Amino acid sequence: MPDLKPNLRSAVSIARRLQDPMAELVKFNPRHLSIGMYQHDLPKKILDEALDEVVEDAVSLVGVDLNACSVPLLRHVAGIGAIRAKAIVGYRAKNGPFANRSQLRNVRGIGAKTFEQCAGFVRIGRVGEPVERACDDDDDVVVVPKS
């Protein structure tokens, strides 16, 4: 968005953060997050490792949408590193969106063990449906709506 004025770029950035906060935050260099006045006193490697752990914890807590996530976010899912994340995104680009998590097994490099590790942390979102209803048809999980 280099053609946009700075205030419009900021508005788009804020909107993206509201839509999918984790997907936007993993794009930032950790040094630019302003996490405290002493962050520059820490060695870069230690700070990066600590922030990666926080992202992995958040991914484990809420999961990622398999049809919308990027390689930088997908690599934080348990059992998936940078190479498998690229393979998943490439498969999605070639074959279209995933209909269910079972299709992950068709991706090169995703075997039974990897699928077992990552399946609980990915979801298949559907456009226009509330989050409570955006789950796989193959799942036996029942989500009770909030009253």
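**Exercises on side-chain contacts and surface**

Leu4 lies in the segment before helix 1 (6-19); helices are DSSP runs of H or I with at least four residues, numbered from the N terminus. The model is predicted, so local features need pLDDT of at least 70 and side-chain atom pairs pLDDT 80 or more, while totals for chains, interfaces and linings use all residues. Residues are numbered from 1 along each chain as its sequence is written, and side-chain values use heavy atoms, without hydrogens and water.

**Exercise 1.** Classify Leu4 as buried or exposed, or in between, and state which patch contains Leu4.

*Solution.* Step 1: the classes are buried (under 20% relative accessible area), exposed (over 50%) and partly exposed in between, with a 1.4 Å probe and protein chains only. Step 2: Leu4 has 32% relative accessibility and therefore counts as partly exposed. Step 3: a patch takes residues with over 30% relative accessible area and no salt bridge, nonpolar side chains (Val, Leu, Ile, Met, Phe, Trp, Tyr) being joined within 5 Å. Step 4: Met1, Leu4 and Leu8 make a nonpolar surface patch of about 250 Å², with areas from the Shrake-Rupley method.

**Exercise 2.** Find the salt bridge and locate both partners.

*Solution.* Step 1: the criterion is a side-chain nitrogen of Lys or Arg within 4 Å of a carboxyl oxygen of Asp or Glu. Step 2: Arg75 and Asp52 form such a bridge, at 4.0 Å from N to O. Step 3: Arg75 is in the loop between helix 4 (71-74) and helix 5 (82-95), and Asp52 is in helix 3 (residues 44-62), so the pair links distant parts of the chain, 23 residues apart. Step 4: Arg75 is partly exposed because its relative accessibility is 35%; for Asp52 the value is 28%, also partly exposed.

Methods:
Patches are made of residues with over 30% relative accessible area and no salt bridge: like charges are joined within 9 Å, nonpolar side chains (Val, Leu, Ile, Met, Phe, Trp, Tyr) within 5 Å. Accessible areas come from the Shrake-Rupley method with a 1.4 Å probe; for residues, only the protein chains shown count as cover. Helices (H or I, at least four residues) and strands (E, at least two) are DSSP runs, numbered from the N terminus.
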